[in-house]
Amino acid sequence: MRRSSDDRKFRLGTGAFAALVLLIVIGIGFELTRQSMLSITKFGLKFWTTSTWDPVSGDFGALPFIWGTLYSAILALLLATPIALGIAIFISELSPRMLRTPLAYLTDLLAAIPSIVYGLWGVFVMVPFVRKLEVATPDALKQLSLFKGPPLGVGMLAAALILAVMVIPFSSSVAREILKNVPSAQREAAYALGATRWEAIKVAIGFGKSGIIGAVMLGFGRALGETIAVTMVIGNSPQVTASLFKPQYTMAAVIANEFTEAADELYLHALIEIGLLLFIITVAVNMISRLLIWSMKRRVVAPIVMPVIEEATA
Amino acid sequence: MTANLRRRKLFSRFFEILCGLAVVIALIPLAMILFYVIKEGAGALNWDFFTKMPKPVGETGGGMANAIAGTLILIGIAALFAVPIGGICGVHLAEYPSTKFSSVVRFAADVLNGVPSIVVGIFAYGLVVLPVKRFSAIAGGVALGFLMIPIVVRTTEELLRLVPGGLREGALALGATRGRAVFGVIVPAALPGILTGILVALARVAGETAPLLFTALNNRFWSTSLTQPIASLTVQVYTYAQSPYDDWHRQAWAGAFLLVMIILTLSIAARLAVRRLERMNRP
């Protein structure tokens, strides 16, 4: 009898700590809402649809930041997804067994490099390169609104490039794990029907589709919230434009740059409201991504161990 | 071989090569970053960097002694509360892996891991800075701790699950309670792995900049006070990188080099620890 009550205490005791983790997530949402009430009640929906950002007269609209965040993250995703999937396929399906672990380790290493190091490298190595690229762009192309703007180096293109590199390891390590867990009967069946290697891989991808979409979304969530590296190369100029060359601004960057300068409460609340939206978007993206990965997990017998690599040992 | 099959095989080959190319493309930036960090950073790293204070603008030399101390203090505060919370939470998830509560908590930990670090910074600002109206080392440490918790949770859980089931059964068969079995036998078996996991988590948050900008702020002077703003390696590198001075750029690279070296060493150590645990599992 004593044993079972001891076991209960153990379960409840450790459970209390586990509940704390849940509490933190809820707490973030609650605290951010509480600290942005002034701005929420004053501007309402207008906050998300207007572009004035005038701390002096106390008029705030966050559209350019939302635009910059979504645009840079989507561009990064377009660049990163084919590469991340290619890596995942190569490591799990094509690579010689001997190379698998080292290649997985090296690509995961990209996730371990601190954001500030990416930023430093971005400012001093990548931005000058992007500037050369922009100068070399033929005039005919510069007529397109996509390539309009001065060749500064810093700007949307630089931000998208660095973000792409930063999210590749997140998408590829999860996609790799998914592919590894696709039952080999799937591939064998395809081979038995006379499929080529690539056709068999396509079958495996089809089987793991939901998980792979989850992997890509995980990368998207990362790209949305990335702060320092982007702040250092995007140029920090709030404007809504499709141009890749023009400097722009993101939600995370404006918080990083202006938070300590926010002299009055409304200004601070406006910045925190941007943080709140960023929180809501990233939580939603992450939830959908994890659910997709988990739904995949339920379809296979072998458990998918979410790679520890991606969270910790990268 | 029919023309159709030849075409399909060629097609297959083409895509296989593209996948290999993807690996190469991803490794180029990695190689370039490591190359520049070593080239620019290793040369700038010297004894002064570790022992001297930052020099005023215009004077060359000096170091980041205060920032190094600051980073150590910040991650110390973070570990102080993130390790117990994350560790015990990880124990719970490993012990009761399939309860509904565990699924929800695991999900929350994964979601928390995906929350942008700058948002976690705002949370710490609201909790610690606002009530006393002062930036402080504690606020920075709290922000880093929140970021550390999900990493510790998942690493602890994964590593505990690697412990051979026979150990647990043996302990229970000897009449140990669940708590005794876990903390007396299972956790010690996984401890080297968990400790390296914690070190990696520490290295990870030591590389964070964004959540420190408005919690720990920065400090040009030597400070170890927990209630005052404090310098950190990352914020210092950030400040220096944006300055117009060559000597500051040099020091920024040295700081980046130091950060990368710490992270590389610890992640290799973690690899080895996990491999050791996995070997224990084999009959």
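Let me begin with a helix in chain B: α6(B) bends by about 30° at M148(B), and within four residues of that point a proline, P150(B), follows. Please keep in mind throughout that this is a predicted model. The helix, which covers residues 137–162 of chain B, has 26 residues and reaches 37 Å from its first C-alpha to its last, close to the 38 Å expected at 1.5 Å a residue. Because 24 of the 26 residues of α6(B) are buried, this helix is largely enclosed by the rest of the structure.

If we take V233(A) and leave aside its neighbours within four places in sequence, its contacts include G119(A), V154(A), A158(A) and I162(A).

Where the two chains meet, the contact takes 72 residues from chain A and 81 residues from chain B. On the chain A side, the largest share, 17 residues, comes from helix α1, residues 2–34, and by class that side has 47 nonpolar, 16 polar and nine charged residues.

Finally, a word on confidence: the mean pLDDT of chain A is 91, and 94% of its residues reach 70 or more. Within chain A, confidence is highest in helix α12, residues 228–233, at a mean of 97, and lowest in helix α15, residues 308–313, at 40. Over residues 303–314 of chain A the pLDDT is below 50, although this stretch has 41 contacts in the model beyond near neighbours in sequence. Where pLDDT is low, the predicted coordinates should not be read in detail.

Conventions: Residues numbered from 1 in each chain as written. Chains lettered and ligands numbered in written order. Predicted model: local features only at pLDDT ≥ 70, side-chain atom pairs only at ≥ 80, totals over all residues. Contact = placed C-beta atoms within 7 Å. Helix = DSSP H or I, 4+ residues; strand = E, 2+ residues; numbered from the N terminus. Nonpolar A, V, L, I, M, F, W, Y, C, P; charged D, E, K, R; others polar. Expected span 1.5 Å × (residues − 1). Bend = angle between axes of the 7 residues up to and from the residue. Buried ≥ 20, exposed ≤ 12 C-beta atoms within 10 Å, placed from the backbone. pLDDT = per-residue confidence, 0-100.
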